[in-house]
Amino acid sequence: MKAVRTPEENRRISWFCFFATLAFLGLVLLLDQLIKPTSPMYMLLTVLQKGSVYALAAVSMNLLNGCTGLFSLGHAGFMLIGAYTYAIFTIPSASRDTVYQYYDAAVRFSFPEVFGNAMGPAGTALGVLVAVILAGLMAAAFAYLIGLPVLRLKSDYLAIATLGFAEILRAVCQWQKLGPITNGSNLLKSFARVSKFKLVLGSTKLTLSTFVPVLIAAVSIMIIVKLINSTYGRAFKAIRDDEVAAEAMGINLARHKMISFTVSSFFAGVAGAMMAMVLSIAQASNFKSAMTYEILLMVVLGGIGSTSGSVIGSFLFVAASEWWLRGLDSGTFLGINAPNIFRNGFRLVVFSVIIMIVVLFFRQGIMGERELTDVWLNRRRARQKKKEAGK
Amino acid sequence: MDKTILPYLISGVSVGGQYALIAIGYTMVYGILRLINFAHGDVFMVAGLMMVYAAAAMPLSLAIPLVIILTVLLGFTIERVAYRPLRTAPRMSVMISAIGVSYLLQNLALYITGGLNKNYPQIPWISDRVTVLGMETSRVTIITPFLTVFLVVLLVLLINHTKIGMAMRAVSLNFETSQLMGIRINSVISATFIIGTFLAAVGSMLFFTNYPGVVPTSGAMPGLKAFVAAVFGGIGSIPGAVIGAFIIGIAESLIKGLDTILIVNGTITEQIGLATFSDAFTFVLLIIILVFKPTGLFGEKTTDKV
Amino acid sequence: MRKDRPCILKTEDITMQFGGVVAVNNFSMEEYEGEIVAIIGPNGAGKTTAFNVITGVYAPTNGRVSFDGKTVIENCPRGKMKKSYLGENAGKYTHVIEPTPDRLTALGMARTFQNIRLWKSMTVFDNVLIAKHMKRSSNLFSATFGLNRAEDRQQREEADALIETVDLADVRDELSTSLPYGKQRRLEIARALATEPKLLLLDEPAAGMNPQETVELTKFIGEIRDQFHVSILLIEHHMDLVMDISERIYVLDFGSMIASGTPAEIQANEKVIDAYLGVTDDA
């Protein structure tokens with residue numbers, strides 16, 4: 001059951017989460033220095049990087065689908081916008097023409113460069129931040145325009161309409177006429193990516209490759225959690241549970257649905273920027289509807305409506321598909337040697353079966369509708385009760 | 001001018017017919033279960049793959065009926081395993097299950113084919129080249145629309161003049177009451193899936209004869225477009241889905257050739273890459289119909305009771 | 001009749017036509033501040049439909065609704081309806097004013113529903129607290145980042161006070177669905193009161209209650225009217241409740257008003273007795 005918290009408990013939990021996140025970030029920073037790209041443990045860093053991208057994508061989708069009840073399948077489209085915006089505004093001017101081989105690049109500056117020249121290394125970091133925020137804003141802007149006609153549709157139609165818009169966005173980004181901006185059907189590269197994220201303090205060089213995406217994800221997810229716990233978050237849940245009653249109690253449906261949609265899409269855009277950062281390329285064909293489906297499955301795996309569930313679900317998904325089940329693709333798994341079965345693609349098959357099992361038999365997902373903090377809180381209260389009874 | 005447009009028109013009518021055969025499956029299932037069967041397009045793709053492997057192992061006269069039977073079996077099984085258990089669950093759960101099945105089918109196909117493009121076998125006679133209206137094309141392009149209309153007419157007759165057809169109509173109008181009136185819901189639903197999948201299997205044979213490359217994602221786009229066709233024509237209406245599919249097929253084909261047409265026409269002087277939008281156009285159409293007439297061209301309006 | 005008080009709600013000729021069926025036909029009524037007015041009638045008479053028109057859930061096919069002196073809803077047969085309109089007074093109303101229900105709630109109209117629409121995944125407290133959302137003065141940013149702590153605390157206190165008033169304090173943190181029927185109805189009323197309405201519309205508040213509970217509810221409604229200074233408009237089938245508490249009654253049958261007046265007048269009215277022939281107090 002979702003635990004109802006006293007204000008005292010609430011404050012404790014908030015501080016605990018804050019410090020736990022700080023500790024986690026510290027750990028990630030440490031791992032960044034200790035694990036080199038050549039190490040066999042490097043997979044852990046890749047999982048952390050990709051995991052944080054998908055964690056943010058899943059949490060932002062959960063805000064829209066799980067909390068507000070708007071079944072939208074357009075997430076990949078907004079991530080695409082975010083990825084491209086980020087890439088376009090962080091390609092150094094020196095590399096501009098090599099990247100835009102066939103076109104005359106329209107955007108000729110890069111935020112990290114501009115700020116970096118003015119303010120030194122801190123400026124470069126600021127430039128990256130500005131580009132990420134701009135990525136989110138662009139995605140939110142498109143979401144606003146798309147939301148105007150689409151948000152009043154019934155759930156099934158909303159799903160297909162948003163799916164359609166995502167496909168339209170993808171086609172538009174690949175259109176040769178927009179080549180000067182999007183590079184047409186060619187991918188974007190050479191922009192600010194994780195392998196380049198370093199901090200130089202005197203004579204020490206700190207690698208920030210995993211730290212930066214995890215930091216961005218952590219901050220973004222914290223903001224989303226605060227939104228969900230606010231009066232607006234409760235209004236969203238009211239819309240999900242019964243929108244007729246919500247409207248009767250003074251909640252303007254169009255306005256609140258639009259808020260949820262644009263905020264969710266903003267963070268989808270940020271996740272897209274992170275994806276570009278982590279993959280080092282931005283390519284429209286990566287952002288097909290299959291990506292939206294995968295994120296949806298991550299949300300379902302974790303439990304629709306639960307933010308910690310979405311985070312857990314996405315890290316599990318990434319770890320399993322990229323790392324743990326790797327053996328299923330390369331002949332030997334858990335000591336069983338069967339190269340005829342365990343070949344390329346088997347990993348995804350096993351994974352899809354697991355997902356189907358969850359969807360059919362564990363519909364609540366891992367967390368149901370609860371958060372990690374609820375589980376912890378219930379346990380703590382049970383322990384306190386036992387202590388009282390024992391006295 | 002005619003000479004430029006005609007090949008696109010003809011190929012558009014043909015692909016429209018293939019979409020129609022898929023669209024019917026979507027619209028029938030949605031009419032009865034209010035479920036968007038995301039896996040339907042992938043079943044279509046699996047039918048294509050099955051033919052590739054079957055044709056390599058046995059003569060076509062055996063392969064064709066075998067593939068049809070296996071595909072129908074697949075559709076039937078999917079309903080039993082992935083949709084029936086969730087019938088009492090909230091709508092989103094079933095849709096997510098459909099997405100899960102779609103994901104599984106695509107990954108299975110990827111695994112089995114090893115990621116390689118598979119080439120669809122040439123079915124003699126329908127893949128022969130013929131000359132029609134001064135234009136050279138393959139026979140399948142000409143046959144498809146006729147075959148489609150024929151099958152649709154058969155289906156409409158079945159729906160309107162048989163007991164099972166009446167049961168289907170009843171269930172799509174009111175699920176609960178039909179159950180209370182003693183209609184065997186499970187049989188009706190299974191029959192719906194069987195018919196829809198059968199048509200998709202036939203459609204796959206026609207489609208892949210025209211576009212012989214079969215990849216795991218071959219079903220995604222046609223499936224999506226077929227669904228849009230069903231929505232466009234009015235979800236639950238079979239003639240509507242068919243008309244919608246033909247419109248989409250023709251529009252898609254014309255847009256693919258739009259650059260060429262406009263150049264010959266004199267409207268533009270050079271290629272502006274409008275073909276990129278041939279897929280996207282389907283969705284523009286979808287948005288337009290959803291915004292202006294969500295019940296589709298032939299759909300019926302229902303008011304919700306508060 | 002408190003005609004010396006301002007008119008809080010007035011409907012003029014509201015007609016609701018669905019396809020070929022006229023569910024509400026030319027219904028005109030008035031309610032004055034502080035009154036308790038009831039709408040009664042056999043099942044299917046169009047009472048809830050009338051409520052839905054007044055609260056903006058349906059736009060009427062024809063007619064006007066005025067709240068607190070201003071016209072808030074108005075419509076006339078348009079488009080396809082122009083030809084198929086079966087009601088009267090088609091040319092009388094010329095403007096089109098179609099607010100969404102939340103607009104009307106903001107103006108001071110709140111309602112409960114015939115088949116209780118509580119938010120199922122939320123607790124009793126949250127159900128009431130959410131209804132306070134519309135009274136916020138904070139924006140998205142300040143709410144998200146906790147800059148509205150004072151307002152949040154105040155709203156929570158108000159919600160708790162309401163829960164006290166309806167005697168649900170002991171189940172404050174339970175899921176709304178875990179409550180027995182009677183308590184759910186009280187919760188719905190508390191939720192509606194959280195929007196600080198001037199007019200409270202209750203759709204069959206006594207449905208499913210036994211005689212004892214109905215007596216308590218009768219007292220309760222009177223107390224609410226006095227404590228919160230709201231006018232009350234209710235739909236009811238329980239005749240003892242209606243006759244006990246209403247100051248005036250409107251009777252609908254097949255969508256049309258067949259009688260209106262004080263409880264005494266209505267009880268003696270031939271047409272009303274005819275319409276209800278064979279209908280007893282439902283349990």
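## Chain B at a glance

Of the 306 residues that make up chain B, 49% count as buried. This is a predicted model, so read what follows as a description of computed coordinates. Chain B carries 12 helices and 4 strands. Its C-alpha atoms fill a box of roughly 65 × 50 × 35 Å along the principal axes.

How does the radius of gyration of chain B sit against that of a compact globule? A compact globule with 306 residues would come in near 19 Å, and chain B has 20 Å, so the two agree. As for contacts in chain B with a separation of 6 or more, 76% are accounted for by residues 24 or more positions apart.

H4(B) runs over residues 91–113. Its 23 residues reach 33 Å from the first C-alpha to the last, close to the 33 Å expected at 1.5 Å a residue. The helix is mostly covered, with 17 of its 23 residues buried. Just after H4(B) comes B:Gly114, which takes a positive phi of about 65 degrees.

Now for the meeting of the two chains: 37 residues of chain B are in contact with 35 residues of chain A. On the chain B side, H4, helix H9 (220–233) and helix H12 (277–292) each supply at least two residues. Which of the elements gives the largest share? That is H4(B), with 15 residues. Sorted by class, the side of chain B that touches chain A has 27 nonpolar, 8 polar and 2 charged residues.

## H5 and H6 of chain B

Next along is H5(B), residues 139–161. H5(B) also has 23 residues, and its end-to-end C-alpha reach is 33 Å, close to the 33 Å expected at 1.5 Å a residue. Buried residues in H5(B) include B:Val140, B:Thr141, B:Thr144, B:Pro145, B:Thr148, B:Leu151 and B:Leu155. For anyone looking at that spacing, an α-helix has 3.6 residues a turn, so residues three or four places apart point the same way.

Two packed helices are described by the angle between their axes and the distance between the axes. The axes of H5(B) and helix H6 (residues 163–173) of chain B come within 5 Å and cross at roughly 80 degrees. That makes H5(B) roughly perpendicular to H6(B). From H5(B), the residues that meet H6(B) are B:Leu158, B:Ile159, B:Asn160 and B:His161, while H6(B) brings B:Gly165, B:Met168 and B:Arg169. By class, this contact divides into 3 nonpolar, 3 polar and 1 charged.

## A look at B:Ile22

B:Ile22 belongs to helix H1 (residues 2–33) of chain B. Is B:Ile22 buried or exposed? It is buried, because 29 other C-beta atoms lie within 10 Å and 20 or more is enough to count as buried.

Setting aside neighbours within four places in sequence, B:Ile22 is in contact with B:His40, B:Gly41, B:Phe44, B:Ala200, B:Gly203, B:Pro222, B:Gly223 and B:Ala226. Then there is B:Thr197: B:Ile22 and B:Thr197 are 175 residues apart in sequence, yet 8.0 Å apart in space, C-alpha to C-alpha.

Chain A has 16 helices and 4 strands. Of its 391 residues, 50% count as buried, and the C-alpha atoms fill a box of roughly 75 × 55 × 55 Å along the principal axes. Among contacts in chain A between residues at least 6 apart in sequence, 74% join residues at least 24 apart.

Chain A also touches chain C, in a contact that takes 30 residues from chain C and 23 residues from chain A. Helix H3 (101–107), helix H4 (124–130) and helix H5 (140–144) of chain C each supply at least two residues of the chain C side. H3(C) gives the largest share, 4 residues. The side of chain C that touches chain A is made up of 12 nonpolar, 9 polar and 9 charged residues.

## Two asparagines with positive phi

Most residues other than glycine have a negative phi, and most peptide bonds are trans. A:Asn183 has a positive phi, near 70 degrees. A:Asn183 is found in the loop between helix H8 (179–182) and strand S1 (198–201) of chain A, and is buried, with 27 other C-beta atoms within 10 Å.

C:Asn26 likewise has a positive phi, near 55 degrees. C:Asn26 is found in strand S2 (residues 21–32) of chain C. With 18 C-beta neighbours inside 10 Å, C:Asn26 counts as partly exposed.

Note on methods
Residues are numbered from 1 along each chain as its sequence is written. Chains are lettered from A and ligands numbered from 1 in the order in which they are written. This is a predicted model: local features need pLDDT of at least 70, side-chain atom pairs count only at pLDDT 80 or more; totals for chains, interfaces and linings use all residues. The expected span of a helix is 1.5 Å times one less than its number of residues. A residue is buried if 20 or more other C-beta atoms lie within 10 Å of its own, exposed if 12 or fewer, and partly exposed in between; C-beta atoms are placed from the backbone. Two residues are in contact if their C-beta atoms, placed from the backbone, lie within 7 Å. Ala, Val, Leu, Ile, Met, Phe, Trp, Tyr, Cys and Pro count as nonpolar, Asp, Glu, Lys and Arg as charged, and the others, Gly among them, as polar. Axes are lines fitted to C-alpha atoms, for helices over the stretch in contact, and angles run from 0 to 180 degrees between N-to-C directions. Angles under 35 degrees count as roughly parallel, over 145 as roughly antiparallel, 65 to 115 as roughly perpendicular and the rest as oblique. The radius of gyration is taken over C-alpha atoms; the globule rule is 2.2 Å times the number of residues to the power 0.38.
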